[in-house]
Amino acid sequence: HSMNLKMFFLLIFFLAGPGHSTEKDASGRMIVHLLNYISTDYAGAVDLEGKILNQFEYDEQVEFAGTILSQVQSHEILRGTEIHESLKELNQLVLNRVQPQKVSDLAKDLSSKVIKKTSLVVEPETSADLESGKTLFAQNCSQCHGLTGAGDGPSSGNFNPPPTNFTD
């Protein structure tokens, strides 16, 4: 259920992003976010020889790659395109536990292509309210990630893998 909680927060984060005026935009935003997630976290799941380093993390990568394909299947701009075919390839690479650099490179490339093809707005339309963000982080994130975001909050020892260190 921890993986489902993570997926919930990812959905909330990206559905609330800039330019989410249509369901298509929200779907494209989710695809981009999950591609970026795979491009950075897959290396913590699989080593250079294809051995699983962390089963939870690997299962999450498989789930997210599948979610991307599901989202693309119903996306009117991406469905049936070269991008769609490349996303199928990415899913297969994850399932075959291919070395991390190849997965990361393809996921990053596809993220850029999805942004361009769907004309997603990826920067905020207004300036961030840093004080409000600081308050929200303290209320909702610091228990695990710590007040400075170093992944050292009071509950950080309860998670495997541990909470992300946002300062590195």
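Close-up 1. Cysteine 141 takes part in none, and the nearest cysteine sulfur, which belongs to cysteine 144, is 8.5 Å away. Cysteine 144 is likewise in no disulfide, its nearest cysteine sulfur being that of cysteine 141 at 8.5 Å. Cysteine 141 has a relative accessibility of 28% and counts as partly exposed, a class that lies between buried (under 20% relative accessible area) and exposed (over 50%), as computed with a 1.4 Å probe on protein chains only. Cysteine 144, with a relative accessible area of 22%, is partly exposed.

**Close-up 2. Helix 5 along its length (residues 100-118).** Helices here are DSSP runs of H or I with at least four residues, numbered from the N terminus. Helix 5 has 19 residues and reaches 27 Å from its first C-alpha to its last, close to the expected 27 Å, where the expected span is 1.5 Å times one less than the number of residues. Its buried residues are Pro100, Val103, Ser104, Leu106, Ala107, Leu110, Ser111, Val114 and Thr118. Seen down the axis of helix 5, these buried residues fall within an arc of 165°, so they line one face of the helix; the arc is that of the directions from the helix axis to the C-beta atoms.

**Close-up 3. The two ends of helix 5.** At the start of helix 5, a side-chain oxygen of glutamine 99 reaches to within 3.0 Å of the backbone nitrogen of glutamine 101. Just after helix 5, serine 119 takes a positive phi of about 55°.

**Close-up 4. Threonine 118 and its surroundings.** Threonine 118 lies in helix 5 and, at 10% relative accessibility, counts as buried. The side chain of threonine 118 reaches the backbone oxygen of valine 114 at 2.6 Å. Leaving aside residues up to four places away in sequence, threonine 118 touches His75, Ile77 and Leu78, contact meaning heavy atoms within 4.5 Å.

**Close-up 5. Confidence along the chain.** The chain averages a pLDDT (the predictor's confidence in each residue, from 0 to 100) of 86, and 86% of the residues score at least 70. Confidence is lowest in helix 1 (residues 2-15), at a mean of 50, and highest in helix 4 (residues 82-95), at 97. Where pLDDT is low, the predicted coordinates should not be read in detail.

**Notes to all views.** Residues are numbered from 1 along each chain as its sequence is written, and side-chain values use heavy atoms, with hydrogens and water left out. In this predicted model, local features need pLDDT of at least 70 and side-chain atom pairs count only at pLDDT 80 or more, whereas totals for chains, interfaces and linings use all residues.

Definitions and conventions:
A disulfide is a pair of cysteine sulfur atoms within 2.5 Å. A polar contact is a pair of N or O atoms within 3.5 Å; within protein, one must be able to donate a hydrogen and the other to accept it, and residues adjacent in sequence count only if both atoms are side-chain atoms.
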